Amino acid sequence: MKKYIAWIILSLLVLTYSCKKNEFEGERPDKKLGEAMVSFEKALVSAEHGWKAHLYPDRGRGFGFY
(Lines give C-alpha, C1' and ligand atoms only; values in the text may rest on other atoms or scores of the structure.)
Protein backbone atom coordinates (compact mmCIF):
# COMPACT_ATOMS: atom_id res chain seq x y z
CA MET A 1 0.00 0.00 0.00
CA LYS A 2 2.81 2.40 0.84
CA LYS A 3 4.34 1.61 -2.53
CA TYR A 4 1.19 2.76 -4.36
CA ILE A 5 0.93 5.96 -2.33
CA ALA A 6 4.57 6.77 -3.10
CA TRP A 7 3.93 6.24 -6.85
CA ILE A 8 0.81 8.40 -6.77
CA ILE A 9 2.63 11.23 -4.98
CA LEU A 10 5.59 10.96 -7.36
CA SER A 11 3.36 11.02 -10.42
CA LEU A 12 1.43 14.03 -9.09
CA LEU A 13 4.68 15.89 -8.48
CA VAL A 14 5.93 15.10 -11.97
CA LEU A 15 2.66 16.21 -13.57
CA THR A 16 2.54 19.39 -11.51
CA TYR A 17 6.03 20.56 -12.44
CA SER A 18 6.00 19.35 -16.04
CA CYS A 19 2.90 21.29 -17.08
CA LYS A 20 4.19 24.79 -16.46
CA LYS A 21 3.58 27.20 -19.31
CA ASN A 22 6.70 28.95 -20.58
CA GLU A 23 6.63 32.26 -22.38
CA PHE A 24 7.55 32.21 -26.05
CA GLU A 25 10.93 33.80 -26.66
CA GLY A 26 11.90 35.23 -30.00
CA GLU A 27 9.87 36.32 -32.99
CA ARG A 28 6.62 34.54 -33.76
CA PRO A 29 6.65 32.27 -36.83
CA ASP A 30 3.50 33.81 -38.32
CA LYS A 31 5.10 37.26 -38.16
CA LYS A 32 8.26 35.95 -39.89
CA LEU A 33 6.13 34.33 -42.59
CA GLY A 34 4.16 37.53 -43.13
CA GLU A 35 7.35 39.56 -43.52
CA ALA A 36 8.75 37.00 -45.97
CA MET A 37 5.55 37.09 -48.04
CA VAL A 38 5.65 40.90 -48.18
CA SER A 39 9.28 40.88 -49.35
CA PHE A 40 8.54 38.22 -52.02
CA GLU A 41 5.54 40.17 -53.29
CA LYS A 42 7.58 43.36 -53.40
CA ALA A 43 10.32 41.60 -55.41
CA LEU A 44 7.78 40.19 -57.89
CA VAL A 45 5.86 43.43 -58.37
CA SER A 46 8.89 45.72 -58.60
CA ALA A 47 10.63 43.83 -61.43
CA GLU A 48 11.39 46.29 -64.23
CA HIS A 49 10.78 43.92 -67.15
CA GLY A 50 8.44 41.47 -65.43
CA TRP A 51 9.00 37.79 -64.83
CA LYS A 52 8.87 34.66 -66.96
CA ALA A 53 8.15 31.20 -65.60
CA HIS A 54 8.07 27.84 -67.36
CA LEU A 55 6.46 24.86 -65.63
CA TYR A 56 6.75 21.30 -66.86
CA PRO A 57 4.51 18.90 -64.92
CA ASP A 58 4.92 15.13 -65.05
CA ARG A 59 2.42 14.64 -67.89
CA GLY A 60 4.66 16.27 -70.48
CA ARG A 61 2.83 19.51 -71.19
CA GLY A 62 4.58 22.80 -70.56
CA PHE A 63 3.09 26.03 -69.28
CA GLY A 64 4.53 29.51 -69.58
CA PHE A 65 3.65 32.54 -67.48
CA TYR A 66 4.72 36.04 -68.42
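This is a predicted model: local features need pLDDT of at least 70, side-chain atom pairs count only at pLDDT 80 or more; totals for chains, interfaces and linings use all residues.
The whole structure holds one salt bridge. Side chains of opposite charge can pair when their charged atoms come close. Here the partners are Arg28 and Asp30, with 3.8 Å from N to O. Asp30 counts as exposed, because its relative accessibility is 52%. Arg28, at 47%, counts as partly exposed.

The chain contains two helices and two strands. Their order from the N terminus is α-α-β-β. Helix 2 covers residues 29-45 and has the highest confidence, with a mean pLDDT of 91. Confidence is lowest in helix 1, where the mean is 84. Over the chain, pLDDT averages 85, and 97% of the residues score at least 70.

The overall dimensions were also computed. The radius of gyration of the chain is 28 Å, whereas a compact globule of 66 residues would have one near 11 Å. Along the principal axes, the C-alpha atoms fill a box of roughly 80 × 35 × 10 Å. Buried residues account for 0% of the 66 residues. The chain exposes about 7,100 Å². Carbon and sulfur atoms supply 63% of that area.

Terms used
Residues are numbered from 1 along each chain as its sequence is written. Side-chain values use heavy atoms; hydrogens and water are left out. A salt bridge is a side-chain nitrogen of Lys or Arg within 4 Å of a carboxyl oxygen of Asp or Glu. Buried means under 20% relative accessible area, exposed over 50%, partly exposed in between (1.4 Å probe, protein chains only). pLDDT is the predictor's confidence in each residue, from 0 to 100. Helices (H or I, at least four residues) and strands (E, at least two) are DSSP runs, numbered from the N terminus. The radius of gyration is taken over C-alpha atoms; the globule rule is 2.2 Å times the number of residues to the power 0.38. Accessible areas come from the Shrake-Rupley method with a 1.4 Å probe; for residues, only the protein chains shown count as cover.
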